[in-house]
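Subject: Structure handover

Hello,

Here is the structure I promised to pass on. My notes follow below it.

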Amino acid sequence: RLPEIRDDDLGAIASEFNAMADAISNRDEQLKNQQARLLQREQLATVGKMSAQITHELRNPLSSIGLNSELLLEELEQPVQAIDLIASRELLRNITKEVDRLRDITEEYLQFSRLPRPDRTLIRLDLLGQEILEFMSSELDQSNVKWRIDADATPRDVNADPNQLRSAIINLIRNAKEAVGPGGH
């Protein structure tokens, strides 16, 4: 701000300059408030999308549990000598499998929601990739999945959290292993 101590053209210029500074300051404050509101709306939209995705992922196992429970109840309402124990055990295994799947889904979302702050450091991607594939080689071999790493000729460093990056890459490799199935590459 400029001092408005003169009563001439320079004083008028100083007064106009201060008015413009006030207008810019007010505009900046309004933009800051609008940006905060937009960010809050985006966060709410993201929470809504995640809730819809979680609901969708939970619906299938819950439907399966409900159906298997109904079938098991029907089986157990028969006279004792007519109960098919093998079928009943299979229904219980299906229920247990779906409960485990629900636990895995909820644990995955809980882990996502409480990710620690990254502890960034420079990491050589080719070395990290090689280390992870060596670590996972027995798991991939047991699944009869062939693998190789094709690293760039020029080593690349990234500024990232090594533990989070390692976890993400392991999850990608496991997802790929499941997708290609035995004998895949």
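Leu2, Phe17 and Met20 form a nonpolar surface patch of about 290 Å². Such patches join nonpolar side chains (Val, Leu, Ile, Met, Phe, Trp, Tyr) within 5 Å, from residues with over 30% relative accessible area and no salt bridge (a side-chain nitrogen of Lys or Arg within 4 Å of a carboxyl oxygen of Asp or Glu). Areas come from the Shrake-Rupley method with a 1.4 Å probe. Phe17 sits in helix α1, residues 9-76. Phe17 counts as partly exposed because its relative accessibility is 39%; buried means under 20%, exposed over 50%, partly exposed in between.

This is a predicted model: local features need pLDDT of at least 70, side-chain atom pairs pLDDT 80 or more, while totals for chains, interfaces and linings use all residues. Residues are numbered from 1 along each chain as its sequence is written, and side-chain values use heavy atoms, without hydrogens or water.

Now Asp126. It lies in helix α3, residues 125-142. Its relative accessibility is 18%, so Asp126 counts as buried. Its side chain makes a polar contact with the side chain of Arg124 at 2.7 Å (N or O atoms within 3.5 Å, one able to donate a hydrogen and the other to accept it; residues adjacent in sequence count only if both atoms are side-chain atoms). Beyond neighbours within four places in sequence, Asp126 is in contact (heavy atoms within 4.5 Å) with Ile149, Ala151 and Pro155.

Finally, the whole chain. Buried residues make up 18% of its 185 residues. Its C-alpha atoms fill a box of roughly 110 × 55 × 20 Å along the principal axes.

Best wishes

Terms used. Helices (H or I, at least four residues) and strands (E, at least two) are DSSP runs, numbered from the N terminus. Buried means under 20% relative accessible area, exposed over 50%, partly exposed in between (1.4 Å probe, protein chains only). Patches are made of residues with over 30% relative accessible area and no salt bridge: like charges are joined within 9 Å, nonpolar side chains (Val, Leu, Ile, Met, Phe, Trp, Tyr) within 5 Å.
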